[in-house]
Amino acid sequence: MAAPMAELPVEPQSLRKLSLKSLKRGLDLFAPSHGASFPLDSESKRIRVGYKVTAEYGRVKNLPIEDTQDKSKDKSKQSSAPLALPGIPESKDSQKGDQGALVMAPPMLPKAPELAMPSKSSAVISVPGSSDRYTSSSALIERIASKWPKPVWHAPWKNYRVISGHLGWVRSIAFDPSNTWFCTGSADRTIKIWDVASGRLKLTLTGHIEQIRGLAVSQRHTYLFSAGDDKQVKCWDLEQNKVIRSYHGHLSGVYCLALHPTIDVLLTGGRDSVCRVWDIRTKAMVCALTGHENTVCSVFARPTDPQVVTGSHDTTIKFWDLVAGKTMATVTHHKKSVRAMALHPKEHAFASASADNVKKFSLPKGEFLHNMLSQQKTIINSMAVNEDGVLATGGDNGSLWFWDWKSGHNFQQGQTIVQPGSLDSEACIYALSYDMSGSRLVTCEADKTIKMWKEDLSATPETHPLNFRPPKDQRRY
């Protein structure tokens with residue numbers, strides 16, 4: 001039986017040495033001529049140079065070349081030779097100086113070959129050596145005035161009142177049509193009614209068992225409608241200050257609520273991705289508008305088609321045919337959740353807010369008009385617009401921005417201040433609304449306060465000038 005072979009000792013090698021060996025082996029295998037340069041392709045160079053000559057110098061390539069040396073010689077001869085006038089004999093001295101050259105009248109120069117004039121559509125050729133040689137081409141372009149509308153000057157807004165009374169985040173707000181009071185819904189499960197003029201508490205309504213996300217006050221009845229995370233939608237009779245109807249049907253929390261302006265219909269949207277239409281009087285669900293793929297978080301109603309418009313966490317905005325219960329159109333311009341929308345009180349247009357941008361659309365077709373000219377760069381929870389064309393947007397970081405509706409110019413960037421004892425992270429605006437006159441703005445915030453804002457009457461266009469620059473390019477989406 002043969003003896004087993006003795007194993008040779010393996011030389012220990014470092015990881016770096018092994019890596020270098022592997023790299024060298026790969027280099028020798030795949031790139032034996034890695035140091036050599038590639039051979040030049042003469043044919044491609046000829047085509048490239050020919051194309052460049054044609055593209056850049058095609059119009060002036062075949063112009064006649066002027067011989068500058070002959071010209072200089074002719075000029076020197078003409079300057080040295082005396083001018084011979086017809087009928088006057090030349091002197092002998094000049095004849096000697098010219099060494100027998102014949103004195104003749106100055107010869108007629110041959111006509112230069114006529115250049116073909118370029119057509120109107122072709123570009124103007126600048127002749128080298130002319131005075132415009134070093135002139136920038138931008139100086140020759142006709143300056144076109146910007147078509148972007150100039151913003152209207154608005155006075156800046158200031159905070160004039162802070163109301164404390166809720167024990168949780170203030171999530172929703174609605175104004176009374178008579179403009180004497182407004183109501184707020186909170187995470188403390190209560191609805192509080194406040195006096196607009198004094199800011200004093202008038203009434204507290206209890207009945208929900210979760211935070212209240214949506215409120216609406218009827219213009220034709222003495223009814224207040226509320227919706228919350230407890231899946232409940234309630235109708236409150238403000239003459240008796242109690243719940244008279246509840247609308248059951250949502251499978252999850254209800255995030256938004258709106259009343260139809262002309263018929264007795266209530267619209268609610270929630271986490272079950274459905275916008276439900278309720279008959280106010282009978283408590284019956286008229287229809288369910290299905291089509292969104294995620295939470296319906298904003299809704300508003302109009303008297304004419306599309307009578308219902310919804311925004312969702314699936315980044316789309318849908319227009320609904322209320323009679324057929326089907327989608328009329330879907331707007332897909334946003335890239336993030338459409339958490340807030342605002343219908344203009346006079347124009348046939350609305351604005352929608354998302355974390356990517358604030359966009360403006362026309363109605364009834366939903367054509368994209370333009371983006372607002374700045375980015376708030378935060379989650380926008382709520383927005384509102386008044387008749388003067390001042391759009392207000394409230395952000396998750398406590399930023400309150402004011403925009404000119406017509407031009408999209410951001411003329412004021414405000415920041416809310418949390419009340420003493422609150423964390424800085426609680427500077428968040430959950431809801432905001434103008435009063436019926438559009439002269440006061442009320443914001444509902446995460447520091448459990450309600451803040452009231454009004455225009456600074458002492459401001460003038462001189463003290464607060466418009467720093468407006470029209471956009472260079474208008475985006476189409």
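Proline 364 lies in the loop between strand E20 (358-362) and strand E21 (368-371), and the peptide bond that joins leucine 363 to proline 364 is cis, with omega about 10 degrees. The model is predicted.

**Backbone geometry**
- Most residues other than glycine have a negative phi, and most peptide bonds are trans.
- A cis peptide bond also runs from aspartate 305 to proline 306, with omega near -5 degrees; proline 306 is in the loop between strand E14 (296-301) and strand E15 (308-312).
- Lysine 231, in the loop between strand E7 (223-228) and E8, has a positive phi of about 70 degrees. Its relative accessible area is 43%, so lysine 231 counts as partly exposed.
- Asparagine 241, in the loop between E8 and strand E9 (242-247), has a positive phi near 55 degrees. Asparagine 241 is partly exposed, at 35% relative accessible area.

**Lysine 234**
- Lysine 234 sits in strand E8 (residues 233-237).
- Lysine 234 is buried without a salt bridge; aspartate 230, the nearest side chain of opposite charge, is 5.9 Å away.
- The side chains of lysine 234 and glutamine 232 form a polar contact of 2.6 Å.
- Beyond four places in sequence, the residues touched by lysine 234 include His208, Phe225, Arg245 and Tyr247.

**Open sheet**
- Four strands form an open sheet in the order E1-E28-E27-E26, with antiparallel pairing.
- Strand E1 (157-164) and strand E26 (429-434) are the edge strands, each pairing on one side only; the twist averages 25 degrees from one strand to the next.
- E26 and strand E27 (residues 440-445) run antiparallel and are joined by five bridges. Tyrosine 434 stands opposite leucine 441 in E27.

Terms used: Residues are numbered from 1 along each chain as its sequence is written. This is a predicted model: local features need pLDDT of at least 70, side-chain atom pairs count only at pLDDT 80 or more; totals for chains, interfaces and linings use all residues. Side-chain values use heavy atoms; hydrogens and water are left out. Helices (H or I, at least four residues) and strands (E, at least two) are DSSP runs, numbered from the N terminus. Buried means under 20% relative accessible area, exposed over 50%, partly exposed in between (1.4 Å probe, protein chains only). Lys and Arg count as positive and Asp and Glu as negative; His and the chain ends are not counted. A salt bridge is a side-chain nitrogen of Lys or Arg within 4 Å of a carboxyl oxygen of Asp or Glu. A polar contact is a pair of N or O atoms within 3.5 Å; within protein, one must be able to donate a hydrogen and the other to accept it, and residues adjacent in sequence count only if both atoms are side-chain atoms. Contact means heavy atoms within 4.5 Å. Two strands pair if DSSP finds at least two bridges between them. Axes are lines fitted to C-alpha atoms, for helices over the stretch in contact, and angles run from 0 to 180 degrees between N-to-C directions.
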